[in-house]
Amino acid sequence: MTTGAQTPRYPARPPRSRLRTFLPLGIAAWLVLEIWLLTLVAGASSGLVVFLVLVAGFILGSVVIKRAGRRAFRNLSEALQQQQSGVMPAAARPNSEGNGLMMLGGLLLMIPGLVSDAVGLLLLLPPVQKAVSRSAERTFERKIREADPGTLGGAFQQARMHRPDGKVVQGEVIRDEPGGSPQEPRPPLTH
């Protein structure tokens, strides 16, 4: 039996982004490639060589991460000391850039695998660091320009109800917990 009332239409599920679709597939393909390369190297030489390569990558990666972390901390403390003394911090020094990419390279060296080791070693080279940082900066700026204005600020606005006559009623949600003590009265909201 129908009442003639319209069935409610639920909003359509937003389409999945390409990143969400292909990232799991890319990770799976990367893992298969890493395992295949390790077995290929183990077959060509021995398991001990593969083990030594993995241990050397882990040690080198930890040294790189430690060095980049110390350099970043030193740069931060110098900038804070200059700021406290009232001196404007100098422009970025040529060797102060790339700490994040150096840490990423060290992390990739620590991850077991030959492909991740090769990418990690590439990220330790200054020309590659500059190219990657320029590309990332351009991509970030493009994404910022494409973003809708006010999307982040809208997340911090207070919830408001719009009445049909156009008036805005401010309010807040109060949740009564079962078995909880009664809450004290709250002050009225102001404009």
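Mentor: A residue is called exposed when its relative accessible area is over 50%, buried when that area is under 20%, and partly exposed in between. Leu 48 has a relative accessible area of 55% and is therefore exposed. The model in view is a predicted one.

Leu 48 belongs to helix α2, which covers residues 47-84. Together with Phe 51, Leu 52, Val 55, Phe 58, Ile 59 and Val 63, Leu 48 makes a nonpolar surface patch of about 670 Å². The UniProt record, an unreviewed entry, sets the feature "transmembrane region" at residues 48-65, and also at residues 21-42 and 101-125. In the model, residues 48-65 are 100% helix and 0% strand, with 26 Å between the end C-alpha atoms. For residues 21-42 the content is likewise 100% helix and 0% strand, and the end C-alpha atoms are 33 Å apart.

Lys 143 is one of the residues located in helix α5. Its relative accessibility is 49%, so Lys 143 is classed as partly exposed. The cut-off for the exposed class is over 50%, which Leu 48 passes at 55%.

Technical notes: Residues are numbered from 1 along each chain as its sequence is written. This is a predicted model: local features need pLDDT of at least 70, side-chain atom pairs count only at pLDDT 80 or more; totals for chains, interfaces and linings use all residues. Side-chain values use heavy atoms; hydrogens and water are left out. Helices (H or I, at least four residues) and strands (E, at least two) are DSSP runs, numbered from the N terminus. Buried means under 20% relative accessible area, exposed over 50%, partly exposed in between (1.4 Å probe, protein chains only). UniProt positions are given in the numbering used here, feature names are shortened, and annotations may be inferred rather than shown by experiment. Patches are made of residues with over 30% relative accessible area and no salt bridge: like charges are joined within 9 Å, nonpolar side chains (Val, Leu, Ile, Met, Phe, Trp, Tyr) within 5 Å. Accessible areas come from the Shrake-Rupley method with a 1.4 Å probe; for residues, only the protein chains shown count as cover. A salt bridge is a side-chain nitrogen of Lys or Arg within 4 Å of a carboxyl oxygen of Asp or Glu.
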